[in-house]
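The following exercises concern the structure shown below. Each task is followed by a solution in steps.

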Amino acid sequence: FLAKEGSRDIAAYCDYTQYQPRVLAVIGPHSSELALITGKFFSFFLVPQVSFGASMEQLSNREAFPSFFRTVPNDRVQLQATVELLLAFGWNWVAAVGSDDEYGRQGLSIFSGLANARNICIAHEGLAPLSQADSLRQTQMMDLLHQVNRSNVNVVVLFASARAAQALFHHSIRYNLLPKVWVASEAWLTSELVMTLPGMAQMGTVLGFLQRGPPLPAFPRYVESRLALAADPAFCATLDAEQPGPEELGANRRCPQCNDVAPHNLSAWLQQNLSAGQLHHQIFATYAAVYSVAQALHNTLGCDAAGCPEQERVRPWQLLRSMNNLSFRAAGLALRFDGSGSVDMEYDLKLWVWRGPRPEFRTVGSFDGRLRLQRPHMCWHTGDKAPVSQCSRQCREGQVRRVKGFH
C-alpha cells in the first residue's frame, strides 16, 4: 500500500510532499492489536487509516498516530458506562478480569482508575490467558476463580478479547464456578466463540454495552448476491483469466475459500449471522469508515452535486487534512471525528436471554453520557431481584477503603 504508485518499492526521499503511494487511504483493521502496528506505518507517510473496531485509548494519541481514525468510540467511554451501571445497582464490590494482551491490560487499568474514583472496590483482579495452552496463566486464573467463588463477590467485569473470554469460561464451566453477573466488553459480548460454549447458560447473567448504529437492511441482500457470484463457476473463471498487474498485487484477488461456497447454505447462514441484529453495529461501523473517506475525498477535490473540477492527483497528506475534524453522514446518522480521530456514538445495554442453544439480545438500557435503564425488561439468574455485590461494611471515621487486594 505504501509503495510508490506503479511499483512495489518504497524509496527514500528528503521530501515526500509529492510522493504518491499506491493507495490514498486504508480501511481497517478491526483489531486494536493490529492497529497499533499498522497505525504507525501509515502515520509515517500521513496516509489516513480508518478502523471500524480498534477501540484502545492508546490509539487516540495524535503524536504517535497522527493519521489514525476510527468509527467507534475509544474504550474509556464504554468503561465509563460500565462504572455507571455498577453504581446504578449498588455493586461496589466486584472482580475485574482483563485479557492478557494490550487490549485487556489497558482496559483493566482504565477501569481500575474509574472505579477507584467512584468508590467501587475491586476485590479480585487478574488477567485471562489468550489460550488454554498457557499453563502459568491458567494456574493463576484458576486461583482467581476459586477466590471469587469463595467470596461474596457476585459481579465480574470481564474486559477481554473473545479468545480469552472463551478460555476463561471453558474453565469456569468445567470447575462449576457459581453463577455471577458478567459485565462484558464489546469484544466478546457478541462472540460466537463464547455464546456457543456448552454450559454457558449456567454461568449466570451476561450484559454489556454495544455500540448503537442504524441498521442497513440492504446489506444481507448485497452479501447474498456477492456470495452467489462467488459460487458461480463462470464468474470464478473470469477472475482466473484476469492477470493482476503491479497495482493489483495483493489486492482484489479471489480467496480460495470462495470455491467451497454452496448457494443453498447462504440463506441459512445470512439469516443466522446478519439478520439476527447483533452484528449490524459492526456492519455500520465498517460502512461509516468507508463513507468518511469518500466524504473527505469529495471535500478535498472540491466536488459538488454537479461533479468535481479538474485538478492534480490528491496526495494522502491532503486527504488527511480533510479528515481531521471531518463531519459526515452515514445511513442518515451525523458523525464527526473529534480531535483524537474518534467518533461519539451512543451505546445500547444488551442482556443475554436464553431461549435455545444460543442467547438472544434484549435491549435493557442506553448510554449517551448518561445511563438510562429499562429495569422492567431485565431478568437475572437469581430471580426477579438483581444480585447483591457489596462490601461487608462501610468505613468509619478515620478509616479508608482499600481498593485492591484479596479479602
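**Exercise 1.** Determine which residue takes a positive phi in the hairpin of β9 and β10.

*Solution.* The hairpin of β9 and β10 has two residues between its strands, and Ala331 takes a positive phi near 50 degrees. Strands here are DSSP runs (E, at least two residues) and helices are runs of H or I with at least four, numbered from the N terminus. The model is predicted: local features need pLDDT of at least 70 and side-chain atom pairs pLDDT 80 or more, while totals for chains, interfaces and linings use all residues. Residues are numbered from 1 along each chain as its sequence is written, and side-chain values use heavy atoms, without hydrogens and water.

Next, the pairing: β9 (residues 327-330) and β10 (residues 333-336) run antiparallel, joined by four bridges; strands pair if DSSP finds at least two bridges between them. Ala330 has Leu333 in β10 as its bridge partner.

**Exercise 2.** State which side chains of β9 are buried.

*Solution.* In a regular strand the side chains alternate between the two faces of the sheet. In β9, Phe328 and Ala330 point to one face and are buried (under 20% relative accessible area, 1.4 Å probe, protein chains only; exposed is over 50%, partly exposed in between).
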